[in-house]
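Trainee: I've got a model open on my screen and a few things to ask. Can we walk through it together?

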Amino acid sequence: MNLDSLSNTCKAIINSYSVSTLNDYVGCLDKIREFISKSTDSYLIKLQQLQKSDVFTAFNKILHNPLETNIQLKLLRFCDFLYQTCGSTNEITLIFDEGITNSILTYPFDLSSTDVLQSYMTILKGLSIKLKIIPVTYIFSEAQQKCAIFDLAIAHISNQDSTTVAAARFIVLNLFTCKNNVLIEIISSNATKNQFEHLIESLDSDGFAFIVDVLNVVPLELQEFIIEKLRKTLLQLNPNFIGRALSFLADSPARSMIMEILPSMITKLNIKQPATLAILLYSLEKRLFLIDKASSLGLIQQSQMPSIKRFSMSLKKSTSKSRIFQKLTLIFQERESTLNMALVLRIFENICSEPPSIVKTIKKSIISDLKSESTIELCKILSGRIASRQRTDLDYVLNPKKEQNKGKLYTLVTQLAEIEASLARYNKKSFVWFNLASISSTYAQAFVLADETDLILTPNEIKLLDEARSLKLWDIYVEPLPYKSSKSVTIWSNNQQTKRKSLSLNERVKTVLQFSTASSAALFESEVQYRKIDLALATLDSLSLQI
């Protein structure tokens, strides 16, 4: 690039600003980038050459005039390139001294354009990253009590554009980490408080993460202001907001505030709602209840408290409204949803050293209900794909996935599985699925197939004598006879190399048994079903013995 030609272009726009001279200048920007990239001189020398060629003076002249959006974008990107290339205090202060930064910060850019806004915030973010090499007095005016970079960033911490929000929040956090008391005092102004108050009113997960970061870097007065605003918003008793707040604030400077107001919030929320139960469970796991508050809520009894001479205290007795334990017992007893039952079980595990009696009572009740409903469908559920345990983490409960209703029997079995899993955890054991019973009986029934080969049906399996193989009743599915005159019975059995956890129909082996008469086929099919039901009942009986 010819520096003399560049100088002439810059002087032309300084002496006579017009669309033509503007286009000539903008046309040189790419050439300037190329010059900087290819020149072997130090970056400081290159900047001094641009300074001598009046590039910066012309830049400032341009920003005293209205500009089209596309021109604004080109100037912003050029300016960002200059800042990003700086690596020393001398280099960046030269740019500041030329007034470019001030021109950028004061020009009324078209921030309604997403591209312009993003480019603008990129420049501010770049400047905040360079704070280590920028003299801190360059980024604020003590006389005017203003920090333009901060003011522009804080105004966009709640913007709808995610890129802009990320940059704005990064800038705010960076500036609060500056070790300059005057700057910190300026950026902790009432205007800043207003922006945080607006943000708190509509916090999402990213917003909570940002607030926690802010609480860790802002001065005490602003920290207390933000925590007080969070308190007021939490006391509006929106369960979803409270749940999200807890997941972020439990280990933040706002923890003490959370512990102070949590008991009151719990008593005012609808305890039957999964979100409330999840909040209670999370609070227990995170140890957010003080012992006296836990006692007043009825989560623990005074008789459970150790008596220590001199330091013993009379704990406040729980009122009828705050007897949380009794309410949890009623929720568990109602069995309205597997999710609620799983949440209550987890809460019990956090506050009880051994299972409450209601758990075993409900286990017995569910087993009784399953026995009264014992059908081949129950066998299919017990021996089919292993149902995963109900998720009880706060994030899942606040954002649940819609699950397909699989019927009453399936619900009863999964509820029983949740109880078994909880009882196993009390004993420090793991529970995956029920141990499917076998029947210790020698009773067997013989059938003769159409080809005159023998088949033996025992309480636990089908023995195909001609093939010297057995099919366990737990591992087979017998297709219903398509019509009364059918003489063949189709059986699907597990591939021996297939793990039961991954059962599906296309992973099974098909066996067709041909009988000489339809009555023999029907008798065999019904006998298999009866015996499978007997196995299901035996499984439930074995669970009853563990109560």
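Predicted model: local features only at pLDDT ≥ 70, side-chain atom pairs only at ≥ 80, totals over all residues.

Trainee: Is Ser128 buried or exposed?

Mentor: Ser128 sits in helix H8, which covers residues 114–129. Beyond its neighbours within four places in sequence, Ser128 touches Phe170, Ile171 and Asn174. The cut-off for buried is under 20% relative accessible area. Ser128 has 4%, so the label is buried.

Trainee: How many residues apart are Lys11 and Asp54?

Mentor: Their side chains form a salt bridge, 3.2 Å from N to O. Lys11 belongs to helix H1 (residues 3–15), while Asp54 is in the loop between helix H3 (43–52) and helix H4 (55–62). The pair links distant parts of the chain, and the separation is 43 residues.

Trainee: What separates Glu34 and Lys38 along helix H2?

Mentor: These two side chains also make a salt bridge, at 2.9 Å from N to O. Both are in helix H2 (residues 19–38). Because they are four residues apart there, the separation is about one helical turn.

Trainee: And which helix holds Lys193?

Mentor: Lys193 pairs with Glu221 in a salt bridge, with the closest N and O atoms 3.4 Å apart. Glu221 is in helix H14 (residues 220–234), so the bridge ties together parts 28 residues apart in sequence. Glu221 is exposed at 57%, whereas Lys193 is buried at 13%. The helix holding Lys193 is H12.

Methods: Residues numbered from 1 in each chain as written. Heavy atoms only, no water. Helix = DSSP H or I, 4+ residues; strand = E, 2+ residues; numbered from the N terminus. Buried < 20%, exposed > 50% of the residue type's maximum accessible area, 1.4 Å probe, protein only. Contact = heavy atoms within 4.5 Å. Salt bridge = Lys/Arg side-chain N within 4 Å of Asp/Glu carboxyl O.
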